[in-house]
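Please look at the sequence and the structure shown below, and keep both in view while reading this report on a few of the helices.

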Amino acid sequence: MTNLPVEDLSVAVEKLGWHALRWKAEVFHKVMRSGCRAEEARLETAERLAKFLALIAVVSWRIFFVTMSARAKPDAAPHSVLTFAEITALDRIDASRTRPRLQRPTLAAYLLRIAMLGGLSRPQP
């Protein structure tokens, strides 16, 4: 957990709070690895790798933000977090399927659709 000194209960509670946030870092890295397929990149130069990592860091943060928002309020309207362009793109992708999957226009439904695009089978509740 930490090697910082813990001298009283309030400091111990603070350190526990830090540890409780660790799962968010785990989710972010899962999005990077699975959703953005970071580990599959076979780039030949450090410069290309740096540019790729910068791009997927931004994309991963955006997906992470949508994920955390959907966990907090799954039935929220998609436009509360997603842009008009993001919603339109996801609607078009869904409409092109023989059986559209977006039955209810909730943030959680749109997050599931995003997860399916990246290869995540189902986002964790």
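Phe 65 is partly exposed, with a relative accessible area of 36%, where buried means under 20% relative accessible area, exposed over 50%, and partly exposed in between, with a 1.4 Å probe and protein chains only. Everything described here belongs to a predicted model, in which local features need pLDDT of at least 70 and side-chain atom pairs count only at pLDDT 80 or more, while totals for chains, interfaces and linings use all residues. Residues are numbered from 1 along each chain as its sequence is written, and side-chain values use heavy atoms, leaving out hydrogens and water.

Phe 65 lies in helix H3, where helices (H or I, at least four residues) and strands (E, at least two) are DSSP runs numbered from the N terminus. The 27 residues of H3 should span 39 Å at 1.5 Å a residue, which agrees with the 38 Å between its end C-alpha atoms; the expected span is 1.5 Å times one less than the number of residues. The buried residues of H3 include Ile 56, Ser 60, Phe 64 and Val 66.

Helix H2 (residues 22–35) and helix H3 (residues 46–72) have axes that come within 8 Å and cross at roughly 125°, the axes being lines fitted to C-alpha atoms, for helices over the stretch in contact, with angles from 0 to 180 degrees between N-to-C directions. H2 and H3 are therefore oblique to each other, since angles under 35 degrees count as roughly parallel, over 145 as roughly antiparallel, 65 to 115 as roughly perpendicular and the rest as oblique. Among the residues that make the contact (heavy atoms within 4.5 Å) are Trp 23, Val 27 and Phe 28 of H2, together with Leu 53, Ile 56 and Trp 61 of H3.

Helix H4 (residues 84–95) has 12 residues and reaches 16 Å from its first C-alpha to its last, close to the 16 Å expected at 1.5 Å a residue. Its buried residues are Ile 87, Leu 90 and Asp 94. They cover an arc of only 70° around the axis, which puts them on the same side of H4; the arc is that of the directions from the helix axis to the C-beta atoms. An α-helix has 3.6 residues a turn, so residues three or four places apart point the same way. On the other side of H4, Phe 84, Ala 85, Arg 92 and Ala 95 are exposed.

The table gives some C-alpha separations.

| C-alpha pair | Apart along the chain | Separation |
|---|---|---|
| Phe 65 and Leu 82 | 17 residues | 10.0 Å |
| Leu 90 and Leu 111 | 21 residues | 9.8 Å |
| Leu 111 and Val 66 | 45 residues | 6.9 Å |
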